[in-house]
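Work through the exercises below with the sequence and the model open. Try each task before reading its solution.

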Amino acid sequence: MTTSWLGRVLEVEVGAVAHGGHCVARAEGRVVFVRHALPGEQVRVEITEDNGGSFCRGDAVEVLTPSPHRVPPPCPLAVPGGCGGCDWQHASPDHQRELKAAVVAEQLQRLAGIERDVVVEALDGGPLDWRSRVRLVAGHDGRAGLRAHHSHRVVALEDCPIAVPGELDDVLARRWRPGSELEVTQDADGGVHVRELSTVRGKVRARQLSGGIAVQHAAGRDWRLDAHGFWQVHPAAASTLAAVVAEWAEAPVGGSAWDLYAGVGLFASVLASQVGTSGRVLAVESGRRAVADGESNLADLPQVSWQAGRVEHVLASAATPVDVVVLDPPRKGAGKAVVESIVAGAPDRIVYVACDPAALARDVATFASHGYSLTDLRAFDAFPMTHHVECVALLS
């Protein structure tokens, strides 16, 4: 039986970045996934997780040879043992995007066999003050904060430099029932919406404390929707992604299109403008509140029809063929069943919006097995300071 390395401090040379906000090092024949480090650095790493086997995890607690891309973190909690909300505050913004580009390229090569240079583009607004939606938890002392990395421990916040300014002021100023979760959203018009979630006798109870209906602006439209439903977190992301979808979809006038995992219909509105009143757009979304919001927001577009349900179930009976498909699946990706239902419609073009490069690469490989190739790719730094990256892929 392998002796646990938990708590052990090792000196290692840090290798390449890996998916998940860490880099890869090796020690005594084992892989060590190191947070708070950068490729090429010599560090002392304290092992924080070891379940046996070929790898373990740790934090760089001392940097012996720093990378030229290392910078002081703008938040004092973005350190080993601190808040787990950010991954790359110790890297310059330009280098953060280089690291994310390397991850996207590696996932495409490893999981889909595609060699491709990737550039991650910055969104308007800079690396701070962008997070318009935050989910906090109240610690034992009632103070709101975020959890430490891979831990239930709550790190209380005084402020959060990546949150939209003013968004968290009232929530952080008061005490809450320990264990309560707090969903905070600041919309495009500056309205702050707060919902408290608490578990009583095994049941989750939601209490809206302020607001509830968010106002957003994107794709040339004004949107009113559940403040705690799905919408892009970065203020510039929705319009940016809608513009790429508009450019790549090229849905023909009078044609048919699907918007899968449609949310409140951001991309459906784009497709509707392309197919016109003589065409049709099927928007599929499992969240019934999102469907209701979508129907309300797109009431002026009769060419859009809505289906509430899981995408794989709806597509099993969907009319085919279809000219263009846009999909924006959750982090786990679309999966084999959905991909096969899409290709059964024989679309000319598929625009895939992805928040996880590994899931994207797996689905691209499945599409490739049905004759669809990756013809274009753009990636956006929609989550600065974290390891997350938003990609848009065109398959044809």
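## Exercise 1: A helix and its surroundings

In helix H8, Pro357, Ala358, Ala359, Leu360, Ala361, Asp363, Val364, Thr366 and Phe367 are buried. The model is a predicted one.

**Task.** Describe how H8 sits in the structure: what is its span, and which elements do its buried residues pack against?

**Solution.** 

1. Start with the limits. H8 covers residues 357–368, which is 12 residues.
2. Check the span. From first C-alpha to last, H8 reaches 16 Å, close to the 16 Å expected at 1.5 Å a residue.
3. Buried means under 20% relative accessible area. In H8, 9 of the 12 residues are buried, so the helix is largely enclosed by the rest of the structure.
4. Look at the start of H8. There, a side-chain oxygen of Asp356 comes to within 3.0 Å of the backbone nitrogen of Ala358.

## Exercise 2: Cores

**Task.** Locate the largest nonpolar core. Which residues have the most contacts inside it, and which helix gives the most to it?

**Solution.** 

1. The largest nonpolar core has 65 residues. Leu136 and Val304 have the most contacts inside it.
2. Helix H3 (residues 237–249) gives the most to this core, with 8 residues.
3. Now take Val304. Leaving out residues up to four places away in sequence, Val304 touches Ala268, Ala272, Val281, Ala283 and Leu298.

## Exercise 3: An aspartate in a helix

**Task.** Is Asp293 buried or exposed? What does the side chain of Asp293 reach?

**Solution.** 

1. Asp293 is in helix H5 (residues 288–297).
2. Apply the cut-off. Asp293 has 11% relative accessibility, so Asp293 counts as buried.
3. Follow the side chain. The Asp293 side chain reaches the backbone nitrogen of Asp226 at 2.9 Å.
4. List the contacts. Not counting residues up to four places away in sequence, Asp293 touches Arg224, Leu225, Asp226 and Val264.

## Exercise 4: Charged pairs

Side chains of opposite charge can pair when their charged atoms come close.

**Task.** How many salt bridges does a search of the whole structure find?

**Solution.** 

1. The search finds 22 salt bridges.
2. Glu183 and Arg195 form a salt bridge at 2.6 Å, N to O. This pair links distant parts of the chain, 12 residues apart: Glu183 is in strand S11 (residues 181–186) and Arg195 in strand S12 (residues 192–200). Glu183 is buried because its relative accessible area is 10%.
3. Widen the view. Glu183 and Arg195 are linked with Arg135 and Glu181 in a network of salt bridges.
4. Glu340 and Lys336 meet at 2.7 Å, N to O. Both lie in helix H7, 4 residues apart, about one turn of the helix. Glu340 is partly exposed, at 30% relative accessible area. Lys336 counts as exposed, at 55% relative accessibility.
5. Glu49 and Arg57 meet at 4.0 Å, N to O. Glu49 counts as partly exposed, at 23% relative accessibility. Arg57 counts as partly exposed, at 23%.

## Exercise 5: Strands and hairpins

**Task.** Trace the pairing of S8 with S9, then of S9 with S10. Which strands stand at the edges of the sheet of 6 strands?

**Solution.** 

1. S8 (residues 133–138) and S9 (residues 144–147) run antiparallel, joined by 2 bridges. Ala138 has Ala144 of S9 as its bridge partner.
2. The hairpin of S8 and S9 has 5 residues between the strands. In this hairpin, Gly142 takes a positive phi near 85°.
3. S9 pairs with S10 (residues 154–156) in the antiparallel sense, over 3 bridges. Gly145 has Ala156 of S10 as its bridge partner.
4. The hairpin of S9 and S10 has 6 residues between the strands. His150 in the turn has a positive phi of about 55°.
5. Turn to the open sheet of 6 strands. Its order is S1-S5-S6-S4-S3-S2, with mixed pairing. S1 (9–13) and S2 (17–18) stand at the edges. Each has a single partner strand, so one side of each is left without a neighbour in the sheet.
6. Finish with S1. S1 pairs with S5 (residues 42–49) in the antiparallel sense over 5 bridges. Glu13 has Gln42 of S5 as its bridge partner.

Conventions:
Residues are numbered from 1 along each chain as its sequence is written. This is a predicted model: local features need pLDDT of at least 70, side-chain atom pairs count only at pLDDT 80 or more; totals for chains, interfaces and linings use all residues. Side-chain values use heavy atoms; hydrogens and water are left out. A nonpolar core is a set of buried Ala, Val, Leu, Ile, Met, Phe, Trp, Tyr and Cys residues joined through side-chain atoms within 4.5 Å. Buried means under 20% relative accessible area, exposed over 50%, partly exposed in between (1.4 Å probe, protein chains only). Contact means heavy atoms within 4.5 Å. The expected span of a helix is 1.5 Å times one less than its number of residues. A polar contact is a pair of N or O atoms within 3.5 Å; within protein, one must be able to donate a hydrogen and the other to accept it, and residues adjacent in sequence count only if both atoms are side-chain atoms. A salt bridge is a side-chain nitrogen of Lys or Arg within 4 Å of a carboxyl oxygen of Asp or Glu. Two strands pair if DSSP finds at least two bridges between them.
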